[in-house]
Amino acid sequence: MPHQAKFKRYIWELPVRWCHWVNVLSITLLAVTGFFIGTPVSFGNSASDFTMGWIRFVHFTAAYAFTVSLVSRVIWSLVGNKYAGWREFFPFATAAGREKMIKMLRYYMFVDKEVPETVGHNPLATTAYTALFAIYVLMILTGFSLYAEHAPGGSMHKMLGPVYSLFSNQGMRLAHHASMWFVFGFIINHIYSAWLMDIKEHGSEISSMFSGYKFTVKKEK
Amino acid sequence: MGTRKDDAVDGQQELSGHSEEYSVGEILKKRGVSRRDFLKFCSAMTAAMSLPTAFAPTVAQALDEVKRPTLVWLNFQDCTGDSEALLRAANPTVGEIILDILSVDYHETIMAAAGHQADEALENTITKYKGKYICVVEGSISMKDGGVYGCTSGKTHLEIARRVCGSAAATIAIGTCASYGGIAAAVPNPTGAASVSEAVPGTTVINLPGCPCNADNLTATIVHYLVFGKIPAMDSKGRPLFAYGKRIHDNCERRPHFDAGQYVEHWGDDAHRKGFCLYKMGCKGPATFHNCPTQRYNEKISWPVAAGHGCAGCSEPQFWDTMSPLYRRLPKVPGFGIEHTADKIGLGLVAGAGAAFAVHGALNALRKDKEPEETKEG
């Protein structure tokens with residue numbers, strides 16, 4: 001059964017871990033408050049209450065936190081270590097990356113029995129993250145476009161001009177709402193895969209997101 | 001007097017130059033409209049244009065002096081709802097005043113002339129006042145197959161629009177159909193209905209969408225033109241900012257109920273009787289830019305939300321296609337049946353993903369993995 005991994009490596013730098021957990025927290029807040037904004041419950045007892053007001057405030061604050069986290073992560077992909085680098089997110093662009101992807105896919109499809117060792121990111125995971133990143137960008141753009149409508153002609157409204165010409169007003173709402181379901185689909189996949197790889201790789205997949213350290217069987221080439 | 005006219009309202013020179021008629025002020029006096037009513041009208045218009053009250057005397061002075069402009073009103077693919085709204089405008093004799101201010105030389109619905117006489121009247125106006133008259137267009141313009149689906153006196157609407165709007169000082173697209181194509185342009189748009197700005201590119205078009213357009217907004221636009229000699233500031237969709245610069249949701253009288261979290265859940269429920277927020281009933285106020293909450297309709301008596309019905313978003317582009325279903329918050333998802341909301345589809349997606357990974361997990365629990373050789377300790 002489990003066999004010990006020999007090499008301990010510092011993989012996830014502090015900014016990477018921080019961004020990950022800020023994302024977790026802000027996405028949770030955004031999803032809960034977002035569903036309430038989409039389908040509110042009549043919590044208010046008097047017209048002087050501010051239930052929806054506060055819920056929207058939390059949503060907008062979390063949205064700013066999420067956006068800052070995402071932008072920071074993009075910057076870190078340029079300045080951080082190689083595991084955090086932007087190249088990690090396009091494994092399909094190189095022959096070596098494609099080979100890794102196929103190996104991993106074969107393992108997932110029960111074709112291969114040996115779990116391919118990954119030191120940094122799982123190449124299939126980063127492919128999913130790239131798609132997820134596109135959804136995030138769509139969420140941020142449609143979200144802030146809807147938000148900016150309270151001040152038409154303001155700087156944010158002007159800056160997001162192209163979004164208003166790409167989407168109808170209700171189209172933005174639908175895209176913003178439907179994207180959340182895709183993020184949910186991703187979260188299920190993400191937690192399952194992290195759990196699976198933690199069990200199969202014995203490399204501390206899950207705890208590495210807290211400590212930054214992973215354990216590998218082979219020394220990295 | 002003379003100096004003020006020279007430096008403040010240069011544009012109106014152009015307008016006043018062409019007409020041998022009396023000034024607006026003189027006409028109103030002749031028609032028996034009291035000075036008091038006239039000033040009340042000026043104040044109402046100043047407010048409608050979102051100008052400070054201090055501008056009311058300027059508006060009055062300018063209207064006193066300006067000669068009445070010539071106006072032609074073209075009806076294309078429409079329901080004449082905007083003409084109806086204008087004729088029923090009853091704010092301190094606004095209806096009378098607007099019709100008196102303007103020399104409506106051509107309006108198929110209300111003019112006495114018919115047939116060849118009407119054609120002649122239009123022809124005379126556009127030749128005589130070329131580049132000086134105001135053209136109001138109501139209804140969308142059929143563009144498909146050369147525009148044959150909409151004709152008046154043997155000429156296509158497209159042809160008429162290009163000719164009449166092309167030599168107007170400015171064109172006002174009144175109502176959603178003229179502004180954005182409206183219901184005629186809704187999917188599948190069999191006549192190729194288009195807005196005035198699409199059908200007659202290159203002309204100055206002021207869009208006054210709404211179904212119908214609030215007549216006060218039309219009057220204010222024309223008064224703005226008369227007073228300042230130029231068209232009002234507009235947004236990216238060609239609508240005057242004074243009327244379409246704010247969202248309905250942000251000026252709504254039911255907004256406190258929205259912020260508080262008090263919503264109508266069903267038509268006729270207790271919350272509905274108490275006048276709570278119509279958000280859950282599909283109100284499109286958060287998606288619609290219009291001054292309905294402040295300007296209101298029918299002598300400022302009411303507007304849809306005040307009457308207990310959510311906003312339909314009638315003054316937004318493609319409202320018929322994008323704002324439906326009217327009583328739901330979100331549009332239907334393209335490619336799925338009418339009963340499938342984004343949430344139902346989303347739940348299906350998540351349940352599917354959950355099931356797939358559960359099966360994958362179970363299969364993984366059953367399989368024996370091969371360990372890399374070098375990790376095995378002896």
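I begin in chain B, where B:Pro188 sits in the loop that runs between α10 and β8 (193-194). As a reminder, this is a predicted model. The peptide bond that joins B:Val187 to B:Pro188 is cis, with omega about 5°.

A cis bond is also found from B:Cys211 to B:Pro212, and its omega is near 0°. B:Pro212 is placed in the loop between β9 (205-208) and α12 of chain B.

I turn now to the domains. Chain B is divided into domain 1, residues 2-244, and domain 2, residues 248-322. To the contact between them, domain 1 of chain B gives 18 residues and domain 2 of chain B gives 14 residues. On the domain 1 side, α10 (175-180), α12 (215-228) and α13 (241-244) of chain B each supply at least two residues. That side of domain 1 of chain B consists of ten nonpolar, six polar and two charged residues.

Next, the contact between the chains. Here 40 residues of chain A are in contact with 46 residues of chain B. Which elements of chain A give two or more residues to the side that touches chain B? They are α2 (51-79) and α7 (169-201) of chain A. The largest share of that side, 15 residues, comes from α7(A). By residue class, the side of chain A that touches chain B has 17 nonpolar, 17 polar and six charged residues.

A:Ser204 is not a glycine, yet its phi is positive, at about 60°. This residue lies in the loop between α7 and α8 (208-211) of chain A. Is A:Ser204 partly exposed or buried? A:Ser204 has 18 C-beta neighbours inside 10 Å and therefore counts as partly exposed.

In chain B, B:Ser153 likewise has a positive phi, near 40°, in a residue other than glycine. B:Ser153 is found in the loop between β5 (151-152) and β6 (155-156) of chain B. Because B:Ser153 has 11 C-beta neighbours inside 10 Å, it counts as exposed.

Thank you for your attention; I welcome your questions.

Notes:
Residues numbered from 1 in each chain as written. Chains lettered and ligands numbered in written order. Predicted model: local features only at pLDDT ≥ 70, side-chain atom pairs only at ≥ 80, totals over all residues. Domains from an automatic or database assignment. Contact = placed C-beta atoms within 7 Å. Helix = DSSP H or I, 4+ residues; strand = E, 2+ residues; numbered from the N terminus. Nonpolar A, V, L, I, M, F, W, Y, C, P; charged D, E, K, R; others polar. Buried ≥ 20, exposed ≤ 12 C-beta atoms within 10 Å, placed from the backbone.
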